[in-house]
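Here are my notes on this model, point by point. Please read them with the structure open.

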Amino acid sequence: MRISLLPLFILALPLLEIAGFVVVGRQVGALATVGLVLASSIAGAMLLRYQGFGVMARVRAEMDAGHDPSRQLAHGAMIVLAAILLIIPGFITDIFGILLFLPPVRDLAWRLLKGRIVLATNFGTGGFRARPRDKTIDLDDGDYSRGDDHGRGPDHNSPWRRLKDD
């Protein structure tokens, strides 16, 4: 039976962040520590905005060229995660957030994760295609009722009936 370490890490993270505040506060002072936390939060919000638009442009370019945009989408998700980690107060989350903003780290993470991700699309060599529609049913006003047919029964000439016969 395999035990996941994620719940333990989530419980330990606030304690580690508090310890980080104490260590940094001892070295640079309380006011500078608060300033660093605020600066990292502002930087995370700004990086999310600017990097997010860049990723979306790269995803659009990949789709327009008919290529698979999954790598760019994964990079976009990692940038969002990195910005969230920077916005969360704490130095440990800031370290992971800064690392995720680096493209070589994102490439490494993508190489490790892409085998576990299943991408279900209609993506082919010609790019994304609309799903072909087999049949279209066009109803006139008289072909549709809301059940208030007042005892007339089903209309055997209805297109819905003809669909089963085809």
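1. Arg-58 is found in helix α2. Its relative accessible area is 35%, so Arg-58 counts as partly exposed. Along the chain, Arg-58 and Gly-76 are 18 residues apart, and their C-alpha atoms are separated by 9.6 Å. Bear in mind throughout that this is a predicted model.

2. Ala-61 lies in helix α2. With a relative accessible area of 44%, Ala-61 is partly exposed. Ala-61 and Gln-72 are eleven residues apart in sequence; C-alpha to C-alpha, they are 10.0 Å apart in space. Ile-42 is found in helix α2 too. Its relative accessible area is 52%, over the 50% cut-off, so Ile-42 is exposed.

3. Now the overall layout. The chain has six helices and two strands. From the N terminus on, the order is α-α-α-α-α-β-β-α. The chain has 166 residues, and 22% of them count as buried. Among contacts with a separation of 6 or more, 55% come from residues 24 or more positions apart.

4. Which helices do the buried residues of α4 pack against? They pack against α1, α2, α3 (70-87) and α5 (103-113). The buried residues themselves are Phe-91, Thr-93, Asp-94, Gly-97, Leu-100 and Phe-101. The next points take the helix contacts one at a time.

5. Take α2 with α4. The axes of helix α2 (residues 30-64) and α4 come within 11 Å and cross at roughly 30°. That angle is under 35 degrees, so α2 is roughly parallel to α4. The crossing of the two helices is left-handed. From α2, the contact uses Thr-33, Leu-36, Val-37, Ser-40, Leu-47, Leu-48 and Gln-51. From α4, Phe-91, Asp-94 and Phe-101 meet them. By class, the contact of α2 with α4 has six nonpolar, three polar and one charged residues.

6. Next, α3 with α4. Their axes are 7 Å apart and pack at an angle of about 155°. α3 and α4 are therefore roughly antiparallel to each other. This crossing of α3 and α4 is left-handed. On the α3 side, the contact is made by Met-78, Ile-79, Leu-81, Ala-82, Ala-83, Leu-85 and Leu-86. On the α4 side, it is made by Thr-93, Asp-94, Phe-96, Gly-97, Ile-98, Leu-100 and Phe-101. The residues of the contact of α3 with α4 divide into eleven nonpolar, two polar and one charged.

7. α3 also meets α5. The axes of α3 and α5 come within 10 Å and cross at roughly 115°. The crossing is right-handed. Ser-70, Arg-71, Ala-74, His-75, Met-78 and Ile-79 in α3 meet Pro-103, Arg-106, Asp-107, Ala-109 and Trp-110 in α5. Sorted by class, the contact of α3 with α5 has six nonpolar, two polar and three charged residues. Met-78 and Ile-79 are listed in this contact and in the one of α3 with α4.

8. How many aromatic pairs does the structure hold? It holds one. Phe-21 and Phe-91 form this pair, with 5.5 Å centre to centre and 70° between the planes. The planes are over 60 degrees apart, so the pair counts as edge-to-face. Phe-21 lies in helix α1 (residues 6-28) and Phe-91 in helix α4 (residues 91-101), so the pair ties together parts that are 70 residues apart in sequence.

9. Phe-91 has 16%, under the 20% cut-off, so Phe-91 counts as buried. Phe-91 is also one of the α4 residues that meet α2.

Key. Residues numbered from 1 in each chain as written. Predicted model: local features only at pLDDT ≥ 70, side-chain atom pairs only at ≥ 80, totals over all residues. Heavy atoms only, no water. Phe/Tyr/Trp six-rings, centres within 6.5 Å; stacked < 30°, edge-to-face > 60°. Helix = DSSP H or I, 4+ residues; strand = E, 2+ residues; numbered from the N terminus. Buried < 20%, exposed > 50% of the residue type's maximum accessible area, 1.4 Å probe, protein only. Axes fitted to C-alpha atoms, helices over the stretch in contact; angles between N-to-C directions. Parallel < 35°, antiparallel > 145°, perpendicular 65-115°, else oblique. Left-handed = near helix turned anticlockwise from the far one by under 90°. Contact = heavy atoms within 4.5 Å. Nonpolar A, V, L, I, M, F, W, Y, C, P; charged D, E, K, R; others polar.
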